[in-house]
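Here are my notes on the fold of one chain, as numbered points. Please read them beside the structure.

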Amino acid sequence: LTRLRKFLTSASRWRWALPALVVASFVFAFLSENYPLINTYTQFVLVTVGINIILSTSLNLVNGYMGEFSVGHAGFMSLGAYASAVLTTKWLPDIPWAFFPSVLFGGMVAALIGFLLALLSFKTRGDYLAIITLAFLMIVKSAFENIPYVGGPRGLLGIDKQTTLPWTLFWVVVTLWMIRNLVYSKFGRAVAAIREDEIAANAMGVRTREAKILAFVVSSFSGGVAGALFAHQIQFINPSSFDILKSTEILVMVYLGGIGSLAGSILGAVIFTFTAQALQPLGTWRMVVMPLILVLLMLFRPRGIMGLRELTWFLPERELSKGQLV
Amino acid sequence: VIYLIQQAINAVQLGSIYALIALGYSMVYGVLTMINFAHGDIFMVGAFFCLLVASFISLPFAVMLIIVMVATGLLGAFIERVAYRPLRQAPRVSAVITALGCGLVIENTTLSLSPYAKPMPTLFRSESFHFFGVTVSTLQILIIGVAVVLMAGLDFLIRKTSYGIAMRAISFDAATVPLMGVPVNRVISLTFFIGAGLGGAAGMLYGLAYPVISASMGILVGWKAFVAAVIGGIGSIRGAVLGGFLLGAVEVMSVAFLPSTYRDLISYSLLLVILIFKPYGLLGSAPNQKV
């Protein structure tokens with residue numbers, strides 16, 4: 001056991017491990033595109049894992065690192081999904097290069113609304129911010145239900161299946177890279193200061209407003225990207241696929257994996273996706289199990305598996321001297 | 001004009017149901033400063049429980065109301081005991097997440113047990129009266145009457161009894177009150193019991209007024225009542241009543257003049273607008289912020 005621990009300790013120092021893992025996954029993803037390495041179902045599950053990682057890390061930025069409670073992440077997801085799907089099906093149909101810009105567009109639309117929500121968060125926080133994000137979610141949902149152009153309550157059909165494994169991996173890496181760099185920057189410190197005590201942080205001269213805007217915009221951008229990928233994976237979106245239950249699923253991932261931890265978010269998303277697939281035979285009872293897990297987590301391990309700890313691979317060089325391990 | 005008066009009666013009916021549910025949200029927030037997201041689902045359970053009892057025996061309305069209120073009240077107190085009490089010292093966000101989870105557990109359990117919307121039995125014969133072209137049914141009078149009686153009773157309870165004093169004391173200063181010998185846990189349990197009982201009563205009345213009930217009712221109606229509580233200023237009892245009637249009026253009027261699909265859009269937008277200008281609701285007060 002000591003040998004294993006020694007091995008893990010040395011493994012946690014391998015600075016080349018994370019880039020190597022990324023390159024290896026890209027190679028695998030491209031190979032699986034062209035050769036039948038894995039079947040379609042496995043491919044589907046892996047893409048879902050990727051989308052869920054994007055969702056959980058980006059929500060973790062607001063709920064974990066910043067310590068707010070947003071229940072509106074599914075709203076950003078639906079904004080991204082609709083924006084990108086409108087682009088690929090109505091404005092730029094049959095153009096092979098349209099997928100990347102449309103995902104980007106989806107993310108940007110979500111980021112714009114996220115910016116507006118950040119402005120609202122200046123006045124209120126805690127419970128009232130949760131209410132605002134809830135209202136936001138409901139407004140987005142019923143707005144889409146009332147726009148006939150995007151199909152109203154029936155939803156938008158006939159989206160091309162364009163979310164491939166390499167594309168998903170690309171966006172996962174972009175999201176992780178973006179959020180990791182943000183969290184360990186000056187703004188990341190400000191975000192953590194907001195979590196610990198906003199008033200004190202303000203008094204110390206931390207620019208909490210800018211940090212809030214940045215956190216919300218980055219988080220909602222990634223939420224929108226995930227929504228865009230989701231739309232082009234499922235090939236069908238309707239307003240009720242982005243309801244409060246979807247938000248709850250993302251919350252489960254974040255709080256299961258651990259708040260304030262990228263490795264935790266990844267772990268949460270992976271565990272959640274596989275559990276959800278395994279629970280498929282339960283039918284609607286699955287929707288009982290998910291929130292029940294959330295309740296039990298809150299009661300017995302409120303900070304989740306990784307809870308404010310980080311895998312050293314994600315830490316920048318200068319953080320290592322502090323002796324944080326795993 | 002007659003159309004308007006008719007709509008106004010509908011608005012009062014819907015508003016009194018919203019107000020009853022909103023009271024439950026507000027009472028719990030008052031003592032624990034916690035949003036009980038499971039409350040909407042307790043409202044839904046109230047309607048289903050009424051249906052369940054009515055399918056076995058036919059009871060007079062008043063007895064049924066009391067049974068439903070006691071049952072949902074016990075459910076509310078049970079949830080508090082099991083899920084919220086262990087988290088009282090934890091960060092508030094944990095409690096909110098737990099409440100959200102509890103609500104979804106209740107909702108989806110009901111959904112799994114009863115996947116389709118069920119018709120609600122009529123508990124008594126309702127007659128309609130016509131005054132100058134305006135139609136009022138006994139059911140509407142009964143709903144409004146029961147709601148007003150319950151609200152008046154609650155107001156009395158909070159203002160005049162020792163329990164009410166204890167409850168207001170806890171919401172004023174939760175740290176000092178236990179030192180004064182007030183049994184905090186018992187008061188909180190009782191608050192949940194009463195709040196959930198009112199919610200259950202609202203569920204039953206709602207089921208009688210709009211006689212198709214489904215598991216999604218907790219989100220559709222219960223959360224709307226939550227909006228009402230926030231508009232009025234959550235934690236404020238009178239604010240909850242005001243918010244309930246205000247939201248009922250806005251919804252009925254928006255359905256009367258716009259396509260009904262816009263209803264949710266309008267009520268949630270109203271919430272957002274009010275929160276932007278009065279972040280703590282119409283009758284609420286901003287909490288002191290300390291470092």
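1. Chain B has 10 helices and four strands; helices (H or I, at least four residues) and strands (E, at least two) are DSSP runs, numbered from the N terminus. Read from the N terminus, the order of elements in chain B is α-α-α-α-β-β-β-α-α-α-β-α-α-α. Chain B is as compact as a globular protein of 291 residues, because its radius of gyration is 19 Å, close to the 19 Å from the globule rule (taken over C-alpha atoms; the rule is 2.2 Å times the number of residues to the power 0.38).

2. The model is predicted: local features need pLDDT of at least 70, side-chain atom pairs count only at pLDDT 80 or more, and totals for chains, interfaces and linings use all residues. Residues are numbered from 1 along each chain as its sequence is written, chains are lettered from A and ligands numbered from 1 in the order written, and side-chain values use heavy atoms, without hydrogens and water.

3. In chain B, strands β2 (residues 128-131) and β3 (residues 134-137) run antiparallel and are joined by four bridges; strands pair if DSSP finds at least two bridges between them. B:F129 lies opposite B:V136 in β3(B). The hairpin of β2(B) and β3(B) has two residues between the strands, and B:F132 there takes a positive phi near 45°.

4. Of the 291 residues in chain B, 54% are buried (under 20% relative accessible area, 1.4 Å probe, protein chains only). Among contacts (heavy atoms within 4.5 Å) in chain B between residues at least 6 apart in sequence, 78% join residues at least 24 apart.

Notes:
Buried < 20%, exposed > 50% of the residue type's maximum accessible area, 1.4 Å probe, protein only.
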